[in-house]
Amino acid sequence: MNQGAFLTLDGCRFCIWAPYRSRCELSLVDPIQRIYPMEKDGTGYWTVTVPEAKPDWLYQYRLDGDREFPDPASRCQPRGVHGPSAITGDHFPWTDRSWTGLALPDYVLYEIHVGTYTPEGSFAAILPRLPELRKLGIRAIEIMPVAQFPGRRNWGYDGVYPFAVQTSYGGIAGLKTLVNACHEAGVAVVLDVVYNHLGPEGNYLSQFGPYFTDNYRTPWGPAVNFDDADSDEVRGYFLQNAHTWFAEFHIDALRLDAIHAIHDESAFPFLEELALRTREWEREIDRPLLLFAETDRNDPRLVRPRPGGNGLPAQWCDDFHHALHGLLTGERQAYYVDFRGVTDLAKAFSQGYVLDGRYSAYRRRRHGAPPDGIGRHQLVAFAQNHDQVGNRAHGDRLSSILDFSSRKLAAACLLFSGFLPLLFMGEEYGEPHPFPYFVDHEDPELLEAVRKGRKREFAAFHDGAGDDIPDPAAEATYFSAVLQWELRHAGSHGVLWELHRELLALRELVLRHVPLEGSENFCEADEKTGLLRLRRKSGEARVESFFNFSPQPRSIRVDPDLPIVEKIFDTEEVRWMGEGVPGPNRLEPASLLSLAARSAVFYARGIDSARYPESDR
């Protein structure tokens, strides 16, 4: 049964699952105060219909005649995570009927934290930026979690009401308005959802039923009960949540956070069931609906089709990031210790997974499995994202770690990797502000526990840096993360923005001739020189990409059987503030190609290199 408060022709129907409670009552709080007994069915659901109830009325549930709690399926928490829930209306003037969705290979993702993407920190403030994102070449925005969390400052992974939209961002109407505008602009919307845990403050789920199990533990506490006694209804709660985002909010895809922390040993795992149900909803809603699994396990079974796999459409590829980041920065702490220079980046280019059953010194065991049967369009690659930036001690971005040439090189690697690319907000112009971890809990003991936990974590990760991290509870830490959007066209920031725009346009052009799937891919690296060469070919069309990761200029001998190819992109061109000598406009067989330090140059054949008109971007 669907949980929550739903307006019907007969009034408002309230439904809650509380199988082990002997009595459950609806308590209207405002504008009238009244108690209504609820009826229980054989599976533990309690229901009541109140004819006079209206939108915006506040309510709670009284359990066993004792304490009152907010609705765990609440759609709105106007007074915060500890306050009563609000009845919401279901009418919204959608105008996106012409939107037919986006196929998986067409996704170009742009990750946004609503609170810090704009000074206003709201859904509405994103709207004016959509035309420029589309002009940049973004095809989908990925919104970090918006489930109601404590206070106003949070990454979103401490949400405790999975169905409620954060009120400080603009609530239900704000999110629907944003989705509607995105679709009208030709942009898909991916929502980050957290099904592996709930946050610690305002989490009242366990008061209603066995939503958690002690059979497993996660880094955030007890695991969600997906396979223990009474887990059918727990699964139903989260399946209802996923369907709500797709059907009621017109969301195009869900990013499933940290699915390795979803513990389920049943014969029909929750993730497999979610993937199967999503295919059913796709036919019901009549547009593509996708699931992106965020995981570092390098487990190809997640995206292999049923039977034998979970049937998820796509998954994160951390190894591409780790190989690229370690190579460009020279960092070797924690998980970067497993990545060995340009050779491992070549492996990442070739198959996504670097740790494909290989020994991991970081984990002190073998990790991953060969990615057999995985398509390139099923792996999301990135040079930065909220995790890889925000989980550094100071939340520092590549813009404060790498020189300009290296950042151009990182962009070229990502956008011509042949995987689905993801940009983290501000990455496209080199945002100088950090993205540190921040929270706004009301419980002072919990805040102190967060502070101490972060210090312990980074003392181990960054060789004693734990005492110097920003206070996650300080308002200044939050404001330090707000983007300086006005920089995007200024000086070198503007050059980097145009470079990303050019690369994304070229990527789209190349994919028309050399699609992600069905093409030949070849990659080789020279650890001694720091050179990497990537070839993608389909029929007569081909792209030859050359990367120099060395801080010194290098040369490479072109194959004698290579046909003549024309240059389509070069990081050393004057317009990209190149400091070296650009490559020749035409590459001849057996010629010697000179590459400037930290540079990339691409050549192509059988591809119309004419740039797209503005209307096509």
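Visitor: Where does Asp-214 sit?
Guide: In this predicted model, Asp-214 belongs to strand S15, which covers residues 212-218.

Visitor: Buried or exposed, that Asp-214?
Guide: Asp-214 is exposed, with a relative accessible area of 67%. For reference, the cut-off for exposed is over 50%.

Visitor: What does Asp-214 gather with on the surface?
Guide: With Asp-228, Asp-230 and Asp-232, in a patch of negative charge.

Visitor: Switching to strand S14. How many of its residues are buried?
Guide: 6 of the 6, across residues 188-193, so S14 is largely enclosed by the rest of the structure.

Visitor: Which residues of S14 point which way?
Guide: Ala-188, Val-190 and Asp-192 point one way, while Val-189, Leu-191 and Val-193 point the other way. All of them are buried, Asp-192 included.

Visitor: And which strands is S14 joined to?
Guide: Strand S11 (residues 140-143) is joined to S14 by 4 bridges, running parallel. Strand S17 (residues 253-256) also runs parallel to S14, again with 4 bridges.

Visitor: What stands opposite Val-189 and Val-190?
Guide: Val-189 has Ile-141 opposite, and Val-190 has Ala-253 of S17.

Visitor: New topic: what's the strand order in the open sheet?
Guide: The order is S24-S25-S26-S31-S28-S29, 6 strands with antiparallel pairing.

Visitor: Why is one side of S24 left without a neighbour?
Guide: Because S24 (520-526) stands at an edge with a single partner strand, and S29 (586-587) does likewise.

Visitor: How many bridges join S24 to S25?
Guide: There are 7, and S25 spans residues 531-538. Within that pairing, Glu-524 stands opposite Arg-533.

Key
Residues numbered from 1 in each chain as written. Predicted model: local features only at pLDDT ≥ 70, side-chain atom pairs only at ≥ 80, totals over all residues. Heavy atoms only, no water. Patch = residues over 30% accessible without salt bridge, like charges linked within 9 Å, V, L, I, M, F, W, Y side chains within 5 Å. Areas by Shrake-Rupley, 256 points an atom, 1.4 Å probe, with all protein chains shown as cover. Salt bridge = Lys/Arg side-chain N within 4 Å of Asp/Glu carboxyl O. Lys, Arg positive; Asp, Glu negative; His and termini not counted. Charge placed at Lys NZ, Arg CZ, Asp CG, Glu CD. Helix = DSSP H or I, 4+ residues; strand = E, 2+ residues; numbered from the N terminus. Buried < 20%, exposed > 50% of the residue type's maximum accessible area, 1.4 Å probe, protein only. Pairing = 2+ DSSP bridges.
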